[in-house]
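Here are my notes for a colleague who is opening this structure for the first time. Please keep the sequence and the view side by side while reading.

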Amino acid sequence: MAGRLQVARWFFQGERRAAPSQAKRPMKVLMHAADGGLRSLLTHLLERAGYDVLALGSSDQVLKYLLAAKARPVQIPPPDMVVVDADAEDKSGLEVLRFLRRIQDQTPVILLATNAQAEVAEEVRELSGVVV
């Protein structure tokens with residue numbers, strides 16, 4: 001898990017070097033941002049950095065994908081990292097993080113937050129997530 005968090009820090013700190021290689025296949029990033037422009041931008045940046053990005057339209061779709069990947073990991077590859085919008089309309093990114101921890105999944109989660117309150121940020125850290 002430390003390697004995955006290293007990747008998250010690398011990406012969001014903007015270091016100019018090659019993405020850390022974790023395996024032969026590119027890291028799979030499951031991503032949802034409520035704003036279509038932000039979703040497109042992040043998808044473009046992550047793909048240029050060598051990641052395999054699956055950008056979904058809602059937090060509910062993220063949850064469905066995660067459940068399917070947990071039930072059938074051979075057919076539906078689980079993500080190496082999840083990036084979700086903290087302020088999504090259907091479900092917040094915090095709910096996605098809580099769900100992952102409830103099903104004993106330790107996949108690194110990055111919450112995109114425009115105005116995260118201190119108590120929300122603290123809960124995210126307690127659940128081993130990262131707020132940006």
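Which residues form a nonpolar patch on the surface, and how much accessible area do they have together?

1. **The surface patch.** The model is a predicted one. Its nonpolar surface patch is formed by Leu 38, Leu 41 and Leu 45. Together they have about 230 Å² of accessible area. In an α-helix, residues three or four places apart point the same way, because a turn takes 3.6 residues.

2. **Leu 38.** Look for this residue in helix α2, which covers residues 36–48. Leaving aside residues up to four places away in sequence, Leu 38 touches Ala 33 and Leu 112. Asp 85 is 47 residues from Leu 38 in sequence, yet their C-alpha atoms are 10.0 Å apart.

3. **Leu 41.** Helix α2 also holds Leu 41. Its relative accessible area is 44%, so Leu 41 counts as partly exposed.

4. **The largest core.** Turn now to the inside. The largest nonpolar core has 19 residues. Those with the most contacts inside it are Leu 30, Val 62, Leu 66, Val 82, Val 84, Val 109 and Leu 111. At least two residues of this core come from each of α3 (59–71), β3 (81–85), α4 (93–102) and β4 (109–112). Helix α3 gives the most, with 6 residues.

5. **Helix α4.** This helix is mostly covered, with 7 of its 10 residues buried. Which ones are they? The buried residues are Gly 93, Leu 94, Val 96, Leu 97, Phe 99, Leu 100 and Arg 101. Just after α4 comes Gln 104, with a positive phi of about 65°.

6. **The chain overall.** The protein chain has 5 helices and 5 strands. Along the sequence they follow the pattern α-β-α-β-α-β-α-β-α-β. Of the 132 residues, 42% are buried. Take the contacts between residues at least 6 apart in sequence: 63% of them join residues at least 24 apart. The chain exposes about 7,300 Å², and carbon and sulfur atoms supply 51% of that.

Definitions and conventions:
Residues numbered from 1 in each chain as written. Predicted model: local features only at pLDDT ≥ 70, side-chain atom pairs only at ≥ 80, totals over all residues. Heavy atoms only, no water. Core = buried A, V, L, I, M, F, W, Y, C linked by side-chain atoms within 4.5 Å. Buried < 20%, exposed > 50% of the residue type's maximum accessible area, 1.4 Å probe, protein only. Helix = DSSP H or I, 4+ residues; strand = E, 2+ residues; numbered from the N terminus. Contact = heavy atoms within 4.5 Å. Patch = residues over 30% accessible without salt bridge, like charges linked within 9 Å, V, L, I, M, F, W, Y side chains within 5 Å. Areas by Shrake-Rupley, 256 points an atom, 1.4 Å probe, with all protein chains shown as cover. Salt bridge = Lys/Arg side-chain N within 4 Å of Asp/Glu carboxyl O.
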